[in-house]
Structure formats: structure tokens, C-alpha cells
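Thank you for sending this model for comment.

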Amino acid sequence: MRLPTFLFFLSLASAAELTVGAASRGSATRNLYGINLWRAFDPETAESREYQAQLDTLGVTVVRFHNMGMSKWIDLTNRVWNTNAIRRVMAALAAKFPVKLVTICKPPSWMDENGDKRLDDGREEDYAAWCAQLVRIVNLDGKAGVRYWETLNEAELGGYKQKGDGLVLANLFRRCKAAMLAVDPSIQVGANAWSWTMPFQAQELLAEAGKELAFYSYHGYATGNSNEETTAIYE
């Protein structure tokens, strides 16, 4: 389905007459609009008929599986992915959406033992293997067909705030990408979901590894306050 887009114009014929017209200038696909599936990390939510009906009403084709804590998907006790929960979520939802992205938001707690929101030194290969394991669970075992993957989310708002951290993230991206593609060569891997269009860490990463990125994503927030009045956002 292709949705037409229109360019509206006004012409002033005289002081008393106004002509309004429209001319088609192109088209947009349904993939122009997508949503985050934050609550879908809970398999009971993903399997809920009410939740699925709400998603059907929205009619989106593009979704991002994103939850900062990756709630329900990690077995903290055994320090492994919660395979059963992940498979349930994907079995319930994956077939609904042609375009799917999974963001692996941050290292699990045991790879950040000092709590500084950075991957502990020497754990790069462990984190790369962690990301690759999720690709295997989702795409090889679960046959979910997730094509797009991100290795971190807004790392520059966490522990990667210093000059040179973009290079650190570039190195981590390379390791993760190699491990993930070794599991499923059909996927596309991005380096980080950035908080704004071009933070300095992104500039550093792009200078170092830009040609190795399959895609670039960022979050263009209208406000930093979730309670902001909608009229202020529109303005």
C-alpha cells in the first residue's frame, strides 16, 4: 500500500479572494511510521489478545523491540538470556511486523560490576558473545526474522560521556557486529541508538567506523519532560 503525500499551496487572487489547491509531489510507504514495543518484553503482555488488538488498530509495519532493562528477557540468577520468554514474545508478535529492530540496550549487570554504566574492562568479547547469543535465540532458534539490530542504546547519556568514548564504542561495535554476523549473516547491525542527531561521541564513532555501519538511528526528542503539555510540543 502506497500512501500519497500532498504539497498544499495558497494563491492570493485579490484582497477578497483566496484560492486553495493541492498538488501531488510524491508518495510514502507505510514504513514511514513505527513504534517502540516496550511492554512487549513481558511475554504475558505480548500474548495478550487485548494488546495485540491495540497493535492491530495502530496498523504499523515497523517496530522496535526496546526496553532499557530488557525486562523479562534476562535470567539474572543464572546470568543467561531467558530463552523461553524471548521465544514466547517473538512467537506472539514477530509475524505481525515486516520490519523489526531489536536494541540490546546495555551490558547485563554482571558485566558492569562497578555500576558506572560502562562495560567492564576486558569484557568486550563477552558482551559481543552475549549479543550474538540473542541473535541465535531470536533468528536461528525462533525463526523471528529480525533484520535490524543495535548494540547499545543512548550510551552517551550513560557512562560514555568523555572525549574519545566514541572510539571506545566503535571498537565495541566492531566486535559485536562480527560475532552477530557470524551467527546470522543476513542481519544489519547499527552501533548505538543515539539520544540526539549528532552528539560528539557519534562524530567520533562515524569518523572511525562509519563505513561499517549498516544504518544510523537517533532519537529526536521534542522535550526532555514526559509531562510536557502537548501544546508546548506542537509549538
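This is a predicted model: local features need pLDDT of at least 70, side-chain atom pairs count only at pLDDT 80 or more; totals for chains, interfaces and linings use all residues.

1. The chain holds seven helices and eleven strands, and its C-alpha trace spans about 75 × 45 × 35 Å along the principal axes. Of its 235 residues, 41% count as buried. When contacts between residues at least 6 apart in sequence are considered, 70% of them join residues at least 24 apart.

2. An open sheet is built from five strands in the order β3-β4-β7-β8-β9, with parallel pairing. Its edges are formed by β3 (34-36) and β9 (188-190), each of which pairs on one side only. On average, and ignoring direction, neighbouring strands of this sheet are turned by 20 degrees against each other.

3. With β4 it pairs in the parallel sense over four bridges; Val62 stands opposite Val99 of β7, and Val63 stands opposite Lys100 of β7. Towards β8 (residues 148-150), β7 runs parallel and is joined by three bridges, with Val102 having Trp149 of β8 as its bridge partner. How much of β7 is buried? Four of its five residues are, so that the strand is mostly covered.

4. The largest nonpolar core has 56 residues, and those that touch the most other members are Leu37, Trp81, Leu93, Tyr127, Leu134 and Trp149. Two or more residues each are given to this core by α2 (49-58), β4 (62-65), α3 (83-93), α4 (124-141), α5 (165-183) and α6 (200-209). The largest share, nine residues, comes from α4. As general background, nonpolar side chains tend to be buried together in soluble globular proteins.

5. Leaving aside residues up to four places away in sequence, Tyr127 touches Ile104, Lys106, Pro107, Pro108, Met111, Leu119, Thr151, Leu152, Leu172 and Cys176. Tyr127 also belongs to the α4 side of the contact between α4 and α5, where Leu172 and Cys176 are among the residues contributed by α5.

6. Which way does α4 pass α5, in a left-handed or a right-handed crossing? The crossing is right-handed, and the two axes come within 8 Å and cross at roughly 35 degrees. From α4 the contact draws on Glu124, Glu125, Tyr127, Ala128, Cys131, Ala132, Val135, Arg136 and Leu140, while α5 supplies Asn171, Leu172, Arg175, Cys176, Ala179, Met180 and Val183. By class, the residues of this contact divide into eleven nonpolar, one polar and four charged.

7. Lys72 lies in the loop between β4 and β5 (74-75), whereas Lys143 is placed in the loop between α4 and β8. Lys72 counts as partly exposed because its relative accessibility is 45%, and Lys143 counts as exposed because its relative accessible area is 67%, the cut-off for exposed being over 50%.

Key: Residues are numbered from 1 along each chain as its sequence is written. Side-chain values use heavy atoms; hydrogens and water are left out. A nonpolar core is a set of buried Ala, Val, Leu, Ile, Met, Phe, Trp, Tyr and Cys residues joined through side-chain atoms within 4.5 Å. Buried means under 20% relative accessible area, exposed over 50%, partly exposed in between (1.4 Å probe, protein chains only). Contact means heavy atoms within 4.5 Å. Axes are lines fitted to C-alpha atoms, for helices over the stretch in contact, and angles run from 0 to 180 degrees between N-to-C directions. A crossing is left-handed if the near helix is turned anticlockwise from the far one by less than a right angle, and right-handed if clockwise. Ala, Val, Leu, Ile, Met, Phe, Trp, Tyr, Cys and Pro count as nonpolar, Asp, Glu, Lys and Arg as charged, and the others, Gly among them, as polar. Two strands pair if DSSP finds at least two bridges between them.
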